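I opened this entry to keep a record of what I looked up: helix packing first, then backbone geometry, then the pocket.

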Amino acid sequence: MSLVALVGSFAPLFLLIFRASTWACLFCFTTYEERLRLCQMFVGNEESKIRQCFDGFSAAFESLLDLEINYDERSHLHDEFTQMTVYLQEVAASRGSFWHAFSSAADKLKRTIRYLKKAQDCIPPCGVQEVTRRFHCSGCFSTICRLPLDCPVQDMLVNRGDQALFSCIVAFQLPESEVTYSWKFAGGGLRTRDVSYFRDVPGAHGYLARIRPVQPSHGGTFSCVILHDQRPLARLYFFLNVTGSPPAEETELQVTFREVMHWKPQEAEVIQPWRPSLGELFTRPQALTLGNLFLLAATAALGSASVTVLVWLFFRWYLSGN
């Protein structure tokens with residue numbers, strides 16, 4: 001008898017567990033103890049009558065079986081179910097009919113749910129979009145858009161020497177706080193979304209990044225990771241293709257640089273002092289400096305003295321012979 005009594009006492013619980021899917025939102029926002037106590041208040045402890053009470057609950061809330069609501073509205077809906085429980089307790093205390101009470105409570109909840117804030121639709125093509133999270137009464141769980149974390153690669157064609165501007169912006173709404181940005185770069189002209197090729201870009205932390213002037217070494221894929229509380233929400237990719245020849249002034253600078261790199265020192269030139277000839281002394285007035293005039297006078301005096309000595313020696317030789 002004790003075993004039969006034990007099984008009989010758990011019968012309502014087993015009934016509730018195996019029929020949970022039909023209770024939908026009612027099962028998600030009320031506890032077993034609350035539902036059992038309500039039925040006991042309405043019909044007493046007789047098992048067959050409690051089963052009828054559960055059937056009444058199921059029929060009244062059947063339209064809420066596959067209901068989806070905005071995840072942020074769960075607390076509001078929970079409060080509505082709490083108020084509904086209080087209302088049903090009052091009806092049970094006044095010996096009212098549970099069929100009418102359940103139907104009236106379900107209609108009121110339907111009107112409340114109709115005015116709840118709707119969840120936003122998914123915005124492709126990528127990203128973890130928390131604003132789209134929905135709560136499913138059919139299984140008491142929540143879901144968000146099943147979109148990839150990695151966004152498609154955006155191609156950017158920039159002339160050498162110009163500016164490249166990257167905007168880490170997504171179409172869906174981001175959380176209002178604790179949003180950070182992390183920039184990475186895969187060089188060598190590589191177009192990829194493989195995270196193993198990327199390296200951190202120091203000094204880039206905001207949602208905007210700029211390169212000026214763009215050089216061929218900047219060719220490759222830039223990646224921006226949007227994080228909320230260190231959890232990634234989206235990864236954007238920008239493939240930078242650098243085109244065009246270098247500007248004219250840069251070409252001239254490169255030519256000068258090459259000339260400097262190939263320059264070899266030549267033998268030092270020895271500055272020789274200028275020694276004008278006698279003819280230059282007479283033909284170039286600027287050559288008759290004070291020093292040159294002194295030199296010319298000394299030369300003339302030496303020449304005159306030499307002629308005088310030679311003439312004297314000649315006459316002496318001549319007279320000695322006679």
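At what angle do helix H4 and helix H5 pack, and how far apart are their axes? Before answering I note that I am working with a predicted model.

**Helices H4 and H5.** I looked up the pair and found that H4, residues 32–43, packs on H5, residues 47–60, at an angle of about 120 degrees, with the axes 9 Å apart. The crossing of H4 and H5 is right-handed. On the H4 side I listed Arg 35, Leu 36, Leu 38, Cys 39, Gln 40 and Val 43, which meet Lys 49, Ile 50, Cys 53, Phe 54 and Phe 57 of H5. Sorting the residues of this contact by class, I get eight nonpolar, one polar and two charged.

**Val 43.** I then followed Val 43, which belongs to helix H4. Leaving aside neighbours within four places in sequence, I find Val 43 in contact with Lys 49, Ile 50, Cys 53 and Phe 98. I also noted that the C-alpha atoms of Val 43 and Ser 97 are 9.3 Å apart, although 54 residues separate the two along the chain.

**Helices H6 and H7.** For H6, residues 74–93, and H7, residues 98–114, I read a packing angle of about 160 degrees and an axis separation of 10 Å. H6 is therefore roughly antiparallel to H7, and I recorded their crossing as right-handed. The contact includes Leu 77, Phe 81 and Met 84 of H6, and Phe 102, Leu 109 and Ile 113 of H7 among others. By class, this contact of H6 with H7 has eleven nonpolar, two polar and one charged residues.

**Backbone geometry.** Which peptide bonds did I note as cis? One runs from Pro 124 to Pro 125, with omega near 15 degrees, and Pro 125 sits in the loop between H7 and strand S2 (134–136). Another runs from Arg 212 to Pro 213, with omega near -5 degrees, and Pro 213 lies in the loop between strand S8 (208–211) and strand S9 (220–228). I also marked Glu 178, a residue other than glycine whose phi is positive, near 60 degrees; Glu 178 is in the loop between strand S5 (164–167) and strand S6 (179–186). I kept these entries because most residues other than glycine have a negative phi and most peptide bonds are trans.

**Pocket.** Last, I looked up the largest pocket, whose volume is about 300 Å³. I count 17 lining residues, of which Asp 72, Glu 130, Val 131, Gln 173 and Pro 175 lie nearest the centre of the pocket. The lining divides into seven nonpolar, four polar and six charged residues.

How values were computed: Residues are numbered from 1 along each chain as its sequence is written. This is a predicted model: local features need pLDDT of at least 70, side-chain atom pairs count only at pLDDT 80 or more; totals for chains, interfaces and linings use all residues. Side-chain values use heavy atoms; hydrogens and water are left out. On a 1 Å grid over the protein atoms alone, a cavity is a set of points where a 1.4 Å probe fits but cannot get out, and a pocket is an open set with protein on both sides within 12 Å along at least five of seven lines; lining residues have an atom within 4 Å of a point. Grid points are joined across faces, edges and corners, and a volume is the space filled by probe spheres set on the points. Ala, Val, Leu, Ile, Met, Phe, Trp, Tyr, Cys and Pro count as nonpolar, Asp, Glu, Lys and Arg as charged, and the others, Gly among them, as polar. Axes are lines fitted to C-alpha atoms, for helices over the stretch in contact, and angles run from 0 to 180 degrees between N-to-C directions. Helices (H or I, at least four residues) and strands (E, at least two) are DSSP runs, numbered from the N terminus. Angles under 35 degrees count as roughly parallel, over 145 as roughly antiparallel, 65 to 115 as roughly perpendicular and the rest as oblique. A crossing is left-handed if the near helix is turned anticlockwise from the far one by less than a right angle, and right-handed if clockwise. Contact means heavy atoms within 4.5 Å.
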